[in-house]
Amino acid sequence: MNGEEEFFDAVTGFDSDNSSGEFSEANQRHPGVTHVDTHKSNGIGRVREKPLRENGIQKHRTSLPAPMFTRSDFSVWSILKKCIGLELSKITMPIAFNEPLSFLQRITEYMEHVQLIRAASHQPQALGRMQCVAAFAVSAVASQWERTGKPFNPLLGETYELIREDLGFRFISEQVSHHPPISAFHSEGLSQDFLFHGSIYPKLRFWGKSVEAEPRGTITLELLGHNEAYTWTNPTCCVHNVIIGKLWIEQYGTVEILNHRTGDKCVLHFRPCGLFGKELHKVEGHIQDKNKKKLFMIYGKWTECLWGIEPAAYESFRKQERRGEHLKKAKPDDGTEKADGHVVDAMPEVQDTVQVIPGSKLLWRVNTRPPNSAQMYNFTSFTVSLNELQDGMEAVLAPTDCRLRPDIRGMENGDMDLASQEKERLEEKQREARRERARSEAEWRTRWFRPGSNPHTGTPDWLYTGCYFERDFSGCPDIY
């Protein structure tokens, strides 16, 4: 690809390379998945030799080494207008449009609100558990708000691990396929209370002014203490104004979460912003039993919070709301901007925060972002810590861990020239390795995941093979 990423990958943050990662030892209690052995070391070794708070919880950094590089001097259109007649998928993008994370690390952001999984595990009733699982599914996409930078594409063989003893989980991921691009991940509770795993391979569409990423692949959450498995697929993400104008993001589509033991289902509708932006960020839905009887109503915004209420109270409120509404004339949309003769998608103004219906129950609220988030690629506090390389960590990490990628490290440190040079070098090294495999007729082998079927849906999936945290990294590829 002429040393660069494909255009669609560049504007959405999805890659066509592979990386590898995994998690704990295999256990025969649940076929196709693995479990944590809490009697063994977590393999973190000397990494734990860092300053501790008084309560013994490790400190994590609160800012990046260097502020975000300004993108004001760069324009996607300035690149595209010079490439008329060329194949769109081969157009290259400057590194200024990246953020200093790998896509594998962005997947790890699903775990920011892991306390919702733990809350689900402690709920005695299936309905209460589904409420927590629904909140977790929504929270998993909350970090994407205002994140218009693209993560780096994982290289073939790249891995990412994260152990958070303070949050009670560990996580491993691997880019397992080049065409199509597939990222596999596996996480487990350190108290043997849950497994969270899946594979992601988005289908990308370019609509002229926007790029739409339709997620493919199943996400699975297993609550081991209740012998329950929940599966779902994430909503569609759309990045507007990839050519000109201000970038903005929305999520839309229907997410169905199925409890495979009880047959209960949660149906969540992520609303598109609509003509005047009234529906921007809104999520509405319900929980129903296996007979499709509505048990609980859910509403909120994926950027803010999620609330729930009994169906009767919800319907009563909506009827009163409709009776009290007065018709308003729609105002013409005069907010579109123009540049170089092209109309852009006007970014809707964020509407008032969620109107809470009396009697509602708060299911989830987003964490407050750090005050310097805007200078750190709009990262959350959790995200800021993901690429931190603590003292002693390099000695115990797999050599393929993306914390060790020199291009990402260079960008994080504010050295854009070094980051760009290293990115080009790594891509050429990867292409040469691919050519060598073709010459020798050798197939690439994933290290920590294998292709198979999801144990609950029967659909194609990538399953964790175990043994990563035994830390035998002999034979890992030299990708950096």
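View 1. Strand 10 (residues 228-232) runs antiparallel to strand 9 and is joined to strand 9 by 5 bridges, where strands are DSSP runs of E of at least two residues, numbered from the N terminus, and two strands pair if DSSP finds at least two bridges between them. The two strands form a hairpin with 4 residues between them, and N227 in the turn has a positive phi of about 55 degrees. Within this pairing, L221 has Y230 of strand 10 as its bridge partner, while L223 is partnered by E228. The model is predicted, so that local features need pLDDT of at least 70 and side-chain atom pairs count only at pLDDT 80 or more, whereas totals for chains, interfaces and linings use all residues. Residues are numbered from 1 along each chain as its sequence is written, and side-chain values use heavy atoms, with hydrogens and water left out.

View 2. In strand 9 (residues 219-223), 5 of the 5 residues are buried, so the strand is largely enclosed by the rest of the structure; buried means under 20% relative accessible area, exposed over 50% and partly exposed in between, with a 1.4 Å probe and protein chains only. I219, L221 and L223 point one way from strand 9, T220 and E222 point the other way, and all are buried. Strand 6 (residues 194-200) pairs with strand 9 in the antiparallel sense over 5 bridges, and F196 stands opposite L221 there.

**View 3. Strand 10 and its contact with strand 12.** Strand 10 is also largely enclosed by the rest of the structure, because 5 of its 5 residues are buried. Both of its faces are covered, with E228, Y230 and W232 on one side and A229 and T231 on the other. Strand 12 (residues 248-259) runs antiparallel to strand 10 and is joined to it by 2 bridges, and the partner of Y230 in strand 12 is N259.

**View 4. Aromatic pairs, with F185 and F196 in detail.** The structure holds 14 aromatic pairs, counted when the ring centres of Phe, Tyr and Trp (its six-membered ring) lie within 6.5 Å, with planes under 30 degrees apart called stacked, over 60 edge-to-face and the rest tilted. F185 and F196 form a tilted pair, with 5.2 Å centre to centre and 50 degrees between the planes. F185 lies in strand 5 (residues 182-189) and F196 in strand 6, so the pair ties together parts that are 11 residues apart in sequence. F185 is buried, with a relative accessible area of 0%, and F196 is buried at 1%.

**View 5. The ring of F469 and the charged end of R170.** The charged end of R170 sits over the ring of F469, 4.5 Å from its centre, a relation that requires NZ of Lys or CZ of Arg within 6 Å of the ring centre and within 35 degrees of the ring normal.

**View 6. Helix 5 within the chain.** Helix 5 (residues 126-139) has 14 residues, which at 1.5 Å a residue should span 20 Å, and its end C-alpha atoms are 20 Å apart, which agrees; the expected span is 1.5 Å times one less than the number of residues, and helices are DSSP runs of H or I of at least four residues. Of these residues, 13 of the 14 are buried, so helix 5 is largely enclosed by the rest of the structure.
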